[in-house]
Amino acid sequence: MPFLTSVFGNAASRTHSFGFAAEGAVGEARQRVGDLIGAAAEEIVWTSGATEADNLAIRGAAEFHAARGRHIVTSQIEHKAVLDTCKYLEGQGYRVTYVPVDTDGRIHPEAVRESIAPDTILISIMLANNEIGVLQPVVEIGRIAREKGVLFHVDAVQGAGKIPFNVALANADLVSLSAHKMYGPKGVGALYVRNRPRARIAPLMFGGGHERGLRSGTLPVPLIVGFGKACEVSRREMPAESERVGQLRDRLKQRLFESIDAIRVNGSLAHRLPGNLNVTFSQIEAEALMMSMKDIAVSSGSACTSASLEPSYVLRACGVDEESAYGAIRFGIGRFNTEPEIDFAARAVSQAVSRLRDLRRSSETL
Ligand SMILES: *Cc1c(COP(=O)(O)O)cnc(C)c1O
């Protein structure tokens, strides 16, 4: 609160105490964000969110290393902020290999190794997927990247603060984070940029030379302070919280499977974020299901474009057929959910599914 009201200094003002107060708070937040992922404070570059962090990592690396090579390795199930940046670079003369996933939604490290060419400059693989919650073997992939001398970018947005992640252990050179995916404010994120060995990237924006010249612009002090606090809380709560959230997720799964037939989980259960459950209800359209239980905030795996509803590219990459992809719902369980809420949601889903299936049966017999 004080940073929204009374502490109004510019963190880049080096000539008065108001600036020092803001700079001090930003420095403390930098340390807290760094501590969450095992980074030093000065390796944290503030951005407007993970979309910008992904763009800065990938476009920044591509531009800086263009003379050395123009090949990038990523996966088919990355977030659009990664995939669309890679698409853009393909238009600029870069080659991109989109490594596939198995039916569990997992990337095989050997597939990454095999796709590395002499001109590969960057590997970009996510820590955890945003639709199916599946964890990727980033430690193994990081080892391969280091061995081959290729920069390694990890979009860690979904996993940071939920599961342990350490930049040294993963040999990560660049890591994207977003505050609002871990109970922090919207509109702020960070890119970790490794110091030793130094990860070299070009900036997207030019100006006052803030953030080691990698991201010019006046810092949003209140958002940054909130992001720092969110990291501190997540780091402290992670062990107990992941246990508790995982139990709620398992309870939800059990309740759904007890009361509804013809359903299945999408993506590996063993390698998964504790708070994610992605389920296909056969003979159901996720959109209709969501509309019939509006007091439960779930999402379909599908990306809503202005003109058409396309089935989830993530589920399609896992080999899920088109109809099953349209019947998929993502449940996200978090810090503030309770057992009664889980039971309420399971009942509501079960009732909605039987109603929709009854409707479908009666319209088929008509
Ligand atoms: C949400 C998300 C992003 C984008 O983050 P913003 O801060 O909302 O721009 C990028 N990657 C993943 C995996 C995400 O879940």
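In this predicted model, helix H6 lies across strands S8, S9 and S13, and its direction makes an angle of about 15° with that of S9. These strands belong to an open sheet of four, arranged in the order S8-S9-S13-S10 with antiparallel pairing.

The axes of helix H1 (residues 17–37) and helix H6 (residues 221–259) come within 8 Å of each other and cross at roughly 35°. The crossing of H1 and H6 is left-handed. On the H1 side, the contact involves Ala22, Ala25, Val26, Ala29, Arg32, Val33, Asp35 and Leu36. These residues meet Val221, Ile224, Val225, Phe227, Gly228, Lys229, Cys231, Glu232, Arg235 and Met238 in H6. Sorted by class, the residues in the contact of H1 with H6 are twelve nonpolar, one polar and five charged.

A second open sheet contains seven strands in the order S1-S7-S6-S5-S4-S2-S3, and its pairing is mixed. Strand S1 (44–47) and strand S3 (95–99) are at the edges with a single partner strand each, so one side of each has no neighbour in the sheet. From one strand to the next, the twist averages 20°. Strands S1 and S7 run antiparallel and are joined by four bridges. In this pairing, Thr47 has Gly189 in S7 as its bridge partner. Helix H2 packs on the seven-stranded sheet, where it touches S1, strand S2 (71–75), strand S4 (120–126), strand S5 (151–155), S6 and S7. The direction of H2 makes about 160° with that of S4.

Helix H2 has a helix neighbour as well. Helix H2 (residues 50–64) and helix H3 (residues 80–91) pack with their axes 9 Å apart, at an angle of about 30°. Angles under 35 degrees count as roughly parallel, and H2 and H3 are therefore roughly parallel to each other. Their crossing is right-handed. Thr51, Asp54, Asn55, Ile58, Arg59 and Ala62 of H2 make the contact with Ala81, Val82, Thr85, Cys86, Tyr88 and Leu89 of H3. By class, seven nonpolar, three polar and two charged residues take part in the contact of H2 with H3.

The structure holds two aromatic pairs. One of them is formed by Tyr183 and Phe336, with 5.5 Å centre to centre and 90° between the planes. Planes over 60 degrees apart count as edge-to-face, and the pair of Tyr183 and Phe336 is of this kind. The two residues are 153 residues apart, and their pair links distant parts of the chain. Tyr183 is in the loop between strand S6 (174–178) and strand S7 (189–193), whereas Phe336 is in the loop between S13 and helix H10 (339–365).

Two backbone features remain to be described. Tyr183 has a positive phi of about 70°, although this residue is not a glycine. A cis peptide bond joins Arg196 and Pro197, with omega about -10°. Pro197 is placed in the loop between S7 and H6.

Definitions and conventions: Residues numbered from 1 in each chain as written. Predicted model: local features only at pLDDT ≥ 70, side-chain atom pairs only at ≥ 80, totals over all residues. Heavy atoms only, no water. Axes fitted to C-alpha atoms, helices over the stretch in contact; angles between N-to-C directions. Left-handed = near helix turned anticlockwise from the far one by under 90°. Contact = heavy atoms within 4.5 Å. Nonpolar A, V, L, I, M, F, W, Y, C, P; charged D, E, K, R; others polar. Pairing = 2+ DSSP bridges. Parallel < 35°, antiparallel > 145°, perpendicular 65-115°, else oblique. Phe/Tyr/Trp six-rings, centres within 6.5 Å; stacked < 30°, edge-to-face > 60°.
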